[in-house]
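Please keep the sequence and the model in view while reading.

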Amino acid sequence: MTASLQSALVDAGDDALLEQIRAGDVIAFEQLFRRYAEPLYDCAYGYVGSRDVAQEVVQQLFVTLWERRRVWQVSGTVVTYLYRAVRNGSLNALRDSRRRVPLIERVQETPGVEQELEAADLARAVARVVSRLPERCREVFRLNRYHHLTYAEVAQVLNLSVKTVELHMARALRELRSRLKVD
């Protein structure tokens with residue numbers, strides 16, 4: 001493969017990759033995998049709380065996509081489809097194992113021990129407040145804040161209206177401000 005063809009493939013949009021994958025292009029499929037596997041893994045891990053199970057969910061998604069590439073239908077964007085599929089796969093894995101989703105503690109990497117301890121304390125406090133939110137509100141918050149999906153993308157992933165996503169985020173942020181006494 002020429003360098004210009006590889007460069008064009010790397011720069012290809014998701015829709016172009018989808019068409020190439022449907023045609024059986026293994027390199028396009030690998031590009032899609034490389035582009036989304038890690039963030040999808042993080043998303044799955046947020047639901048299932050197990051590295052092995054999260055990895056299995058993402059791997060199974062991509063295996064299924066390849067096996068069904070000729071009939072793969074995407075309503076909306078490819079990224080929304082992938083996050084929705086990971087969410088559904090994660091919920092299925094939870095249902096199958098009948099486990100509760102453990103909390104994720106995300107701590108920003110900060111210089112200095114004091115800042116690290118403060119960031120860890122804040123992350124734990126945020127995680128506690130988020131864990132007390134209603135399930136749908138918690139999902140909306142996590143997809144938006146931890147996985148950086150827009151409100152429209154969250155709405156598509158969770159089959160909600162954008163207005164409903166806005167209401168859930170407002171509730172989550174109001175609860176965080178109230179519980180953490182942030183101005």
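## Where α7 meets α8

In this predicted model, R136, E139, V140, L143 and N144 of α7 are in contact (heavy atoms within 4.5 Å) with Y151, V154, V157 and L158 of α8. By class, this contact comprises 6 nonpolar, 1 polar and 2 charged residues, where Ala, Val, Leu, Ile, Met, Phe, Trp, Tyr, Cys and Pro count as nonpolar, Asp, Glu, Lys and Arg as charged, and the others, Gly among them, as polar.

## Geometry of the pair

Two packed helices are described by the angle between their axes and the distance between the axes. The axes of α7 (residues 135-146) and α8 (residues 151-158) come within 10 Å and cross at roughly 130°; axes are lines fitted to C-alpha atoms over the stretch in contact, with angles running from 0 to 180 degrees between N-to-C directions.

## The whole protein

The secondary structure comes to 9 helices and 0 strands, taken as DSSP runs of at least four residues (H or I) and at least two (E), respectively, and numbered from the N terminus. Buried residues (under 20% relative accessible area, 1.4 Å probe, protein chains only) make up 37% of the 183 residues. C43 is buried, with a relative accessible area of 0%, and C137 is likewise buried at 0%.

## Basis of the values

Residues are numbered from 1 along each chain as its sequence is written. Local features need pLDDT of at least 70 and side-chain atom pairs count only at pLDDT 80 or more, while totals for chains, interfaces and linings use all residues, and side-chain values use heavy atoms, leaving out hydrogens and water.

Conventions
Buried < 20%, exposed > 50% of the residue type's maximum accessible area, 1.4 Å probe, protein only.
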